[in-house]
Amino acid sequence: RNPPNSAGRMASSSGKLRGSKIRASMSGGGSMSFASLAGVATAAMASKKGMGSMAVSGGAGSKKWKGILQKKMGSMLQASGTRGGGQAMKMRKPGGSTMGGALMATNEELFHEELIAMVSQTAREDATAASDIQMPSPRANHVTVVTENQVVLFGGHGGTGYQRRAWNDTWVLNLDNARWQELSCQGTPPPPRAGHAAFAKDCNVFVFGGWNHDSIFNDLYMLDVENKDWADVDLSWGVPRWNCCLQLVEAIPSWRVFVLGGTADVNGEGRSGGKFDDRIGVLNLAKTYVWDEPALEMAEDDDNRPMPREHSAVCYDPEESRLIIFGGWSNKWLDDVWQINVSSIVGPPYAILKVEPPLGPVSGNMMVTVRGVGFQSTNGMVTVEFSTKDKEATAQGQVIDDETIVVPTPDVRDKIGPKDCIVRVSIGVRDLTTTTAKYSFFLNTIADKSLCYGPGVLQEQQAGQPTRFTIQARN
């Protein structure tokens, strides 16, 4: 315990709050401060009227009551002094054994009645003002996402008391003034639901899956927050699912959204027949949205897979291109941690777009330019890979700027030959790009496998005059 300070209160250690009960008496030698009396009266009114909690000591609420009481007590003291020569009301000097400036009334009943009437009136005024404040109804299993300087809330289930109503209302919490506002949206809003997942991208909010008392969902909706417009993306993934976890991941050239696990209606039996799931869905936010369901390959030293589950938490580690999953529910509470390397889907923080020129001889050693984005985001040796389905050749390149790499083509006469290839890039310890470009190797011109024709090969040509002929290589 900390020793009492000079005011007689228990001091609080750094970073901690310490409370103590205020003891006061209205008779004998006891006394009560304005602040504590205001707090007690306010707490009583809050309990009686069902108002929100108000400060018992200190804070803006207590200061308000204290000001009202001081004004009232000033008029009462004047009246008492006029009637009884100043003897009807006794004031204890500040710095006594009680907290703050103290008072003791001999006419306790009159003071008490007038105090209660005054506090009641002010409480009613505050309750009327509070009723004008907009706030979402109590709920759970809703979603919130941040876009610019506001928090967008959608759906959930709950209500007053023990209600289990499903909601499809949309609220925005302005982070500048800490005020809620319900959005009156146009378009096609999602049906009421809970247990759904959501993410925000480019001032748009996306909602996926969920359930209500009548239906289960695997749909995808998008809210244009600025224009307050809902739209059905008309792009479902698999079977209806709910209570899944979701993670938005930055990738080049298009971001990805990973949806993991949850409870899924795999047997078509509705919500009552839902099964815990371990599948992973990937939404590609390219120009045309598309879902993918990649297979999960476990490392050789892992004998088991993550248990199918719902209500787990996920986050993304960009340095290692991995998802980290913790806990959840699978007919028991889970506390395990799993990592999933998604580099083959997300790729490194750079991308390749094209190669100029797009063809060259199999003998290599021809300088080409690789165009892309983000090449200066990573330090290290630049490796450019030319590959077919079963063969590959590499060359070392150089980063010129964030969008340019130059590289001499490799000699592929003994490895690949005259074939079409795909080109990918890796920098430092990063993975190869998930984006590719095309490049074609052709045979060098060989005399005994070429055909020459045209006027330039005719006899009796005139010396010193231009002429021409064509050499046609076999390929």
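User: Is Asn-243 buried or exposed?

Analyst: A residue is called buried under 20% relative accessible area, exposed over 50%, and partly exposed in between (1.4 Å probe, protein chains only). Asn-243 has a relative accessible area of 11%, so Asn-243 is buried. This is a predicted model, in which local features need pLDDT of at least 70 and side-chain atom pairs count only at pLDDT 80 or more, while totals for chains, interfaces and linings use all residues. Residues are numbered from 1 along each chain as its sequence is written, and side-chain values use heavy atoms, leaving out hydrogens and water.

User: Where does Asn-243 lie, and which residues does Asn-243 touch?

Analyst: Strands (E, at least two residues) and helices (H or I, at least four) are DSSP runs, numbered from the N terminus. Asn-243 sits in the loop between strand S14 (241-242) and strand S15 (245-249). A contact means heavy atoms within 4.5 Å. Not counting residues up to four places away in sequence, Asn-243 touches Gly-195, Trp-211, Gly-262, Glu-310 and His-311. With Glu-310 there is also a polar contact between the two side chains, at 3.0 Å. Such a contact is a pair of N or O atoms within 3.5 Å; within protein, one must be able to donate a hydrogen and the other to accept it, and residues adjacent in sequence count only if both atoms are side-chain atoms.

User: How many cavities of 30 Å³ or more are there?

Analyst: Rolling a probe the size of a water molecule over the atoms shows where empty space is left. On a 1 Å grid over the protein atoms alone, a cavity is a set of points where a 1.4 Å probe fits but cannot get out, and lining residues have an atom within 4 Å of a point. Grid points are joined across faces, edges and corners, and a volume is the space filled by probe spheres set on the points. By this rule there are two cavities of 30 Å³ or more. The largest cavity has a volume of about 170 Å³. Its lining numbers 16 residues, and Leu-260, Asp-278, Pro-306, Arg-309 and Ile-325 are the closest to its centre.

User: What is the volume of the second largest cavity, and which residues line it?

Analyst: The second largest cavity holds about 40 Å³ of space. Its lining consists of Val-143, Thr-144, Val-145, Val-152, Leu-153, Phe-154, Ala-198 and Val-205. Strand S5 (143-147) and strand S6 (150-158) are the elements that give two or more residues to this lining.

Conventions: 1 Å grid on protein atoms, 1.4 Å probe; cavity = no way out; pocket = protein on both sides within 12 Å on 5 of 7 lines; lining within 4 Å.
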